[in-house]
Amino acid sequence: MKAIWSKRKLTNNEDELAKEFMECIKDIIHLDEVKELDNFVQHCNTSRLQHSLNVAYYSFLWAKKRGLDYKSVARAGILHDLYLYDWRKVETEQHHAFHHPKEALKNAEALTELNEIEKDAIVNHMWPLSQSFPKYKESYILTWVDKYCAVAEVVVQGYKAVGRLKMFSRGVTS
Ligand SMILES: [Fe+2]
Ligand SMILES: [Fe+2]
């Protein structure tokens with residue numbers, strides 16, 4: 001279990017930072033509803049679970065560096081896209097960008113108790129495409145990291161596609 005562009009094995013018990021991160025999310029990461037996120041594609045070949053882990057880990061690092069509530073932002077990262085449908089195939093009342101944060105909050109609240117920072121970070125993670133401004137610094141961290149990870153996930157796939165193309169052009173496809 002690793003975040004995108006990170007070499008850190010998050011399950012390594014000898015790594016203090018990894019242990020601290022896992023401690024923050026230990027009560028939610030193994031829940032069936034969260035694990036089910038692995039069955040949905042988020043960006044290119046990245047699953048929604050991997051995307052959520054990416055967002056949680058980098059938000060955790062940033063909040064920790066800033067002396068903010070890194071536990072809440074890590075938990076919110078895991079839960080911010082907790083909707084169990086393919087948004088490309090399911091029609092919702094509002095546009096996906098506005099609908100899914102509310103759906104994620106509703107699902108997350110059904111799973112675990114959330115504090116105000118966690119709720120705010122989840123429901124406003126699409127800011128500025130949200131109905132209100134985020135209230136907490138942690139929420140702003142999550143919204144920026146979410147966008148960064150989305151780009152990173154697409155770029156990685158782009159690199160892989162370019163690599164495959166190069167291999168193909170050299171005639172060494174397997
Ligand atoms: Fe989202
Ligand atoms: Fe996201």
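This is a predicted model: local features need pLDDT of at least 70, side-chain atom pairs count only at pLDDT 80 or more; totals for chains, interfaces and linings use all residues.

Colleague: Which residues of α5 are buried?

Modeller: The general idea comes first. An α-helix has 3.6 residues a turn, so residues three or four places apart point the same way. In this model, the buried residues of α5 are H100, P101, A104, L105 and A108. Seen down the axis of α5, these buried residues fall within an arc of 140 degrees, so they line one face of the helix.

Colleague: What do the buried residues of α5 pack against?

Modeller: They pack against two helices, α4 (70-79) and α6.

Colleague: How is the packing of α5 and α6 described?

Modeller: In general, two packed helices are described by the angle between their axes and the distance between the axes. Here, helix α5 (residues 96-111) and helix α6 (residues 116-123) pack at an angle of about 150 degrees, and their axes are 8 Å apart. On the α5 side the contact is made by P101, K102, A104, L105 and A108, and on the α6 side by K119, I122 and V123. By class, this contact of α5 with α6 has six nonpolar residues, two charged residues and no polar ones.

Colleague: Is α6 itself largely enclosed or largely open, and which of its residues are buried?

Modeller: Six of the eight residues of α6 are buried, so this helix is largely enclosed by the rest of the structure. The buried residues are I117, E118, D120, A121, I122 and V123.

Colleague: Which residues of the largest nonpolar core touch the most other members?

Modeller: As a general rule, in soluble globular proteins, nonpolar side chains tend to be buried together. In this model the largest nonpolar core has 36 residues, and A56, Y57, Y58, F60, V73, A74 and I122 touch the most other members. At least two residues of this core come from each of α1 (16-25), α3 (48-65), α4, α5, α6 and α7 (137-169). The largest share, 10 residues, is supplied by α3.

Colleague: How many residues of α3 are buried?

Modeller: Helix α3 is mostly covered, with 16 of its 18 residues buried. From its first C-alpha to its last, α3 reaches 26 Å, close to the 26 Å expected at 1.5 Å a residue.

Colleague: What surrounds F60, as one member of that core?

Modeller: F60 lies in helix α3. F60 is counted as buried because 25 other C-beta atoms lie within 10 Å, and the cut-off for a buried residue is 20 or more. Leaving aside neighbours within four places in sequence, F60 is in contact with F21, C24, Y70, V73 and A74. The C-alpha atoms of F60 and C24 are separated by 9.1 Å, although these residues are 36 residues apart along the chain. With the same exclusion of sequence neighbours, V73 is in contact with S59, F60, A63, A121, E138, I141 and L142.

Colleague: Where does H125 lie, and is it buried or exposed?

Modeller: H125 lies in the loop between α6 and α7. It counts as buried because it has 28 C-beta neighbours inside 10 Å. Not counting residues up to four places away in sequence, H125 touches H80, P101, L142, T143 and D146. The C-alpha atoms of H125 and L142, 17 residues apart along the chain, are separated by 6.4 Å.

Colleague: For contrast, is R88 buried or exposed?

Modeller: R88 is exposed, since 7 other C-beta atoms lie within 10 Å. Its place is in the loop between α4 and α5. The C-alpha atoms of R88 and N107, 19 residues apart along the chain, are separated by 19 Å.

Colleague: Finally, which peptide bond is cis, and which residue has a positive phi although it is not a glycine?

Modeller: In general, most residues other than glycine have a negative phi, and most peptide bonds are trans. In this model the peptide bond from W127 to P128 is cis, with omega near 10 degrees. P128 lies in the loop between α6 and α7. W5 has a positive phi of about 65 degrees although it is not a glycine. W5 lies in the segment before α1 and is exposed, with 12 other C-beta atoms within 10 Å. Just after α3, G67 also takes a positive phi, of about 70 degrees.

How values were computed:
Residues are numbered from 1 along each chain as its sequence is written. Chains are lettered from A and ligands numbered from 1 in the order in which they are written. Axes are lines fitted to C-alpha atoms, for helices over the stretch in contact, and angles run from 0 to 180 degrees between N-to-C directions. Helices (H or I, at least four residues) and strands (E, at least two) are DSSP runs, numbered from the N terminus. Two residues are in contact if their C-beta atoms, placed from the backbone, lie within 7 Å. Ala, Val, Leu, Ile, Met, Phe, Trp, Tyr, Cys and Pro count as nonpolar, Asp, Glu, Lys and Arg as charged, and the others, Gly among them, as polar. The arc is that of the directions from the helix axis to the C-beta atoms. A nonpolar core is a set of buried Ala, Val, Leu, Ile, Met, Phe, Trp, Tyr and Cys residues joined through C-beta atoms within 7 Å. The expected span of a helix is 1.5 Å times one less than its number of residues.
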